[in-house]
Protein chains: 2
Amino acid sequence: MSDLPAFDELLHDFELRKPRALARAISLAEAGRAGELVRAIYERTGRAMTMGLTGPPGVGKSTLASGLVRKARGLGKSVGVVSVDPSSPFSHGALLGDRIRLAEHFTDDEVFIRSMASRGHLGGLAGATADAVTLMDAFGFDVVLIETVGVGQSEVAIAELAQTTMVTLQPGSGDSIQVLKAGIMEIADIFVVNKADHPMAKQLQREIRSMMEMQQFTGWVPELVMTQALSGEGIDELWSAIERHNAYLNETGEIARHRRDAFTHRVRQLALGRLERRLDHALRAQTPADVDPYEAADRLLSQHFDDR
Amino acid sequence: MSDLPAFDELLHDFELRKPRALARAISLAEAGRAGELVRAIYERTGRAMTMGLTGPPGVGKSTLASGLVRKARGLGKSVGVVSVDPSSPFSHGALLGDRIRLAEHFTDDEVFIRSMASRGHLGGLAGATADAVTLMDAFGFDVVLIETVGVGQSEVAIAELAQTTMVTLQPGSGDSIQVLKAGIMEIADIFVVNKADHPMAKQLQREIRSMMEMQQFTGWVPELVMTQALSGEGIDELWSAIERHNAYLNETGEIARHRRDAFTHRVRQLALGRLERRLDHALRAQTPADVDPYEAADRLLSQHFDDR
């Protein structure tokens, strides 16, 4: 940001916890330009309890998120919500729907909800989301909830962003097979079977349990919670599971390891993004020579990246 | 390769067109160690007609591939086949099935079939596949056919590897929607509706046609071919469509643009792979400092990548 008075004003308003300053800051993150602000506020981070909610479209993530926000508010905690849908070309509609489901919290000053636009981020959606979580943490929310579509290799690595990762599955959808295939078992701290009144809910519960029996867990064993997000049933149990996991992280010191891993992941992401931009710049500037690709890559790296 | 006599012998046998030398070379590519060989043989490349066959699992790609190999052999052309399945955890079984379908060609010296193992490639599966295609081209095959699972952002960018890309779709599967969503329209030179005797085949044909009507094409307009790979029906028409596309590429000079793009893509892939390895090495060596991730990324880049 070249406009220094504007930056100072933004930082000042951010420190005064003005919601408009947070909104502006996240817009900067979406534009890949939040670096300076993140640097300025970084020492205020590390206080929020971060939780990620992931699962396939239609599973009821937004309704669950709304239930968790209500629960947190009942406990007197302030909540920031980051809602991300990296894949859907229909995300505008979906986000509108999400907003409607989260609407009861719109008039609550201690709840801030932000949908991340799905495309065209300089620095990538993953980077923008990471910055948004950092900004919400620094802003002073007690809880930061990240909601994102997808079980599987998502664009946004939710397990790096959230201390506690909830994987929501849908009865009768064959989701349990996805879990096995996509290595979800490794990222789920809590499994949520939503729509617990569905005729296939018990079967999904059994499938998850038998998959867990096949695994060797060292440390935390994922919990399984049955919910009916629409009626609010199971939200108390889900919150208790989150608190147990949080206590586990703190008691074992795992929380420090999680912070370190998340930090390294973000540094790698930032550095790699810049290297990629430099590489693409160098490739555009290159005059094609009559060489093989290995030789061309060698020359490119030695000319532009001081490769030894 | 440090073992120079072995390298010279491999190169010598490769130049004598010994199939074992090609097999060995592709194994080196899978291990991310084919660079020296690719350099040595690169000037022999650019003569093969390369074609890519992609589509979802179960669509009949291997049977189509077998039909295309038969057709090419009938025209007196030698054929190399690279079969890739980046995603499936069941690829061993699938590849075995592929091999059975392609078995009629096993005793033919002018056909070489290679399945790329699906995981654990240093330099990545995409890089190994690119090297395998280069090696087959240099080995002297008239036709190189690359078969890979998936419509969508595949790990292996088939359109960069093949001059002509065939996208195979399955009637009654909702595949046409996938095509729209995943930007397949931009990579398909030829659509293949396999299982043309399926009751929904005509409907899929109509859907593809109406999607094409919504597009503006400059230059080549994708062709649509109906096949029944099992009976061999439509293979002649498919081959004719491939030849028309090949003629189009040569007459317009587009083939040179394709070669340039593929070259740049491979150089980028090689350079980025090395930058990533350097970055990960630097990250492991880094002592965690009490800074924000942007500052940490800055330091990393200036210390290890001569960032100005």
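In the predicted model, a salt bridge joins the side chains of Asp298(B) and Arg39(A), with an N to O distance of 2.7 Å. Ten salt bridges are counted between chain B and chain A, and 18 residue pairs are in polar contact across this interface, with both residues at pLDDT 80 or more. On the side of chain B that touches chain A, at least two residues each are supplied by helix H3 (35-41), helix H11 (254-285) and helix H12 (293-304) of chain B. The greatest contribution to that side comes from H11(B), with 15 residues.

The contact between the chains draws 38 residues from chain B and 38 residues from chain A. About 3,900 Å² is buried between chain B and chain A, and carbon and sulfur atoms account for 66% of this area.

The fold of the individual chain was considered next. Chain A contains twelve helices and seven strands. Of its 308 residues, 52% are buried. Among the contacts in chain A with a separation of 6 or more, 77% are between residues 24 or more positions apart.

The domain assignment divides chain A into domain 1 (1-43), domain 2 (45-252) and domain 3 (264-304). Seven residues from domain 2 of chain A and four residues from domain 3 of chain A take part in the contact. Between them, domain 2 and domain 3 of chain A bury about 410 Å², with 53% of this area on carbon and sulfur atoms. Two residue pairs are in polar contact between domain 2 and domain 3 of chain A, both residues being at pLDDT 80 or more. The count of salt bridges between these two domains of chain A is one. On the side of domain 2 of chain A that touches domain 3 of chain A, helix H6 (residues 124-139) of chain A gives the most, with four residues.

Arg266(A) was then examined individually. This residue is placed in helix H11 (residues 254-285) of chain A. Arg266(A) forms a salt bridge with Asp131(A), in which the closest N and O atoms are 3.0 Å apart. The side chain of Arg266(A) also reaches the backbone oxygen of Gly127(A), at 3.3 Å. When neighbours within four places in sequence are left aside, the residues in contact with Arg266(A) are Gly127(A), Ala130(A), Asp131(A), Pro293(B) and Tyr294(B). The relative accessible area of Arg266(A) is 9%, and the residue is therefore classed as buried, the cut-off being under 20%.

Definitions and conventions: Residues numbered from 1 in each chain as written. Chains lettered and ligands numbered in written order. Predicted model: local features only at pLDDT ≥ 70, side-chain atom pairs only at ≥ 80, totals over all residues. Heavy atoms only, no water. Buried < 20%, exposed > 50% of the residue type's maximum accessible area, 1.4 Å probe, protein only. Polar contact = N/O pair within 3.5 Å; in protein donor to acceptor, adjacent residues only side chain to side chain. Contact = heavy atoms within 4.5 Å. Domains from an automatic or database assignment. Buried area = accessible area lost by both parts, 1.4 Å probe. Salt bridge = Lys/Arg side-chain N within 4 Å of Asp/Glu carboxyl O.
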